[in-house]
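Subject: Structure handover

Hello,

Here is the structure I promised to pass on. Please open it next to this email and follow along.

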Amino acid sequence: MSEKNKRMFSSIAENYDKVNRIISLGADIGWRKRTAQECLVGRKSAKVLDVATGTGDLAIAIAHEAKKMHKKVSVLGLDFNQDMLNIARSKVKRSKMKNVSLVQGDALDLELKAGSFDIITTGFALRNFDDLGAFIEEAYRVLKPGGKAAFLEVAKPDSVLGDMIKFYYFNVIPMIGSKYNKDAYVWLASSLWRFDKNLLMHLMKKAGFKNIKAKNLTFGVAFILTANKPKSAK
């Protein structure tokens, strides 16, 4: 991950959660819950890798949902940014979730054993990777045969609300973010609009994933993409 991205996320780390709540009008909480449920469906136990965990919200959400569903789960949250991880550690401690651990690392070069996770997930991270294809290949590598990917992301919506949402992305979001780092939020808003869901699905198919499906959330403002590594994969 580039040093430029590291500096940008460090500059907004302290207020990242608060601004996300405002920008999404609180919808991001429900989106993470849905993603956590997608991760756990059909499994009694799982070893989960949450890549680009940021301040840890998705990792904690998975642990919470697993507890409610009486499933045995361990979650490893990985992020390249130490400032984000410091906040995540405080949140994990407050949550009292003993099955969530955190580590610093690069999403594009995971120093983790091949075939070691049942589930890999990310929340609002794919559009920030310098090389999306490299991450998809790494995600496939670290999954066990039969493992599942569940990625939560935001992108240009397919609905008739496109023009309204475009105005929101390019005018309201930078205005909200200007109190903290306007350039960072201008860049983030642009990345939302540029992100190509079809390219993501193509890269996952190319890497070997099967059963690739995208489920739209909130009029297509966000989506959860799920896919499986074949049981026959080596």
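Leaving aside its neighbours within four places in sequence, which residues is K210 in contact with? They are A227, N228 and P230, where contact means heavy atoms within 4.5 Å.

Some ground rules. This is a predicted model, in which local features need pLDDT of at least 70, side-chain atom pairs count only at pLDDT 80 or more, and totals for chains, interfaces and linings use all residues. Residues are numbered from 1 along each chain as its sequence is written, and side-chain values use heavy atoms, with hydrogens and water left out.

**K210**

K210 lies in strand β6 (residues 210-217). Helices (H or I, at least four residues) and strands (E, at least two) are DSSP runs, numbered from the N terminus. K210 is partly exposed, with a relative accessible area of 49%. Buried means under 20% relative accessible area, exposed over 50%, and partly exposed in between (1.4 Å probe, protein chains only). T53 is 157 residues from K210 along the chain, and their C-alpha atoms are separated by 24 Å.

**Helix α2**

Now look at helix α2, residues 16-23. Its buried residues are Y16, D17, V19, N20 and I23. Seen down the axis of α2, they fall within an arc of 165°, so they line one face of the helix. The arc is that of the directions from the helix axis to the C-beta atoms. Just after α2, L25 takes a positive phi of about 60°.

Most residues other than glycine have a negative phi. H70 is not a glycine, yet its phi is positive, about 60°. H70 sits in the loop between α4 (57-68) and β2 (72-79). H70 is exposed, at 75% relative accessible area. K96 is not a glycine either, and its phi is positive, about 65°. Find K96 in the loop between α5 (82-95) and β3 (100-104). K96 is exposed too, at 67%.

**Pockets**

A pocket is an open set of points on a 1 Å grid over the protein atoms alone, where a 1.4 Å probe fits, with protein on both sides within 12 Å along at least five of seven lines; lining residues have an atom within 4 Å of a point. Grid points are joined across faces, edges and corners, and a volume is the space filled by probe spheres set on the points.

The largest pocket holds about 600 Å³ of space. It has 26 lining residues, and I23, S24, W31, Y168 and V221 are the closest to its centre. α7 gives the most to this lining, with nine residues. By class, the lining has 20 nonpolar, four polar and two charged residues. Ala, Val, Leu, Ile, Met, Phe, Trp, Tyr, Cys and Pro count as nonpolar, Asp, Glu, Lys and Arg as charged, and the others, Gly among them, as polar.

The second largest pocket has a volume of about 180 Å³. Its lining has three nonpolar, one polar and seven charged residues. The largest share, five residues, comes from α4.

**Cores**

A nonpolar core is a set of buried Ala, Val, Leu, Ile, Met, Phe, Trp, Tyr and Cys residues joined through side-chain atoms within 4.5 Å. The largest has 31 residues, and I120, F135 and F151 have the most contacts inside it. α6 gives the most to this core, with six residues. A second, separate core has 27 residues, including M84, V154, V172 and W193.

Best wishes
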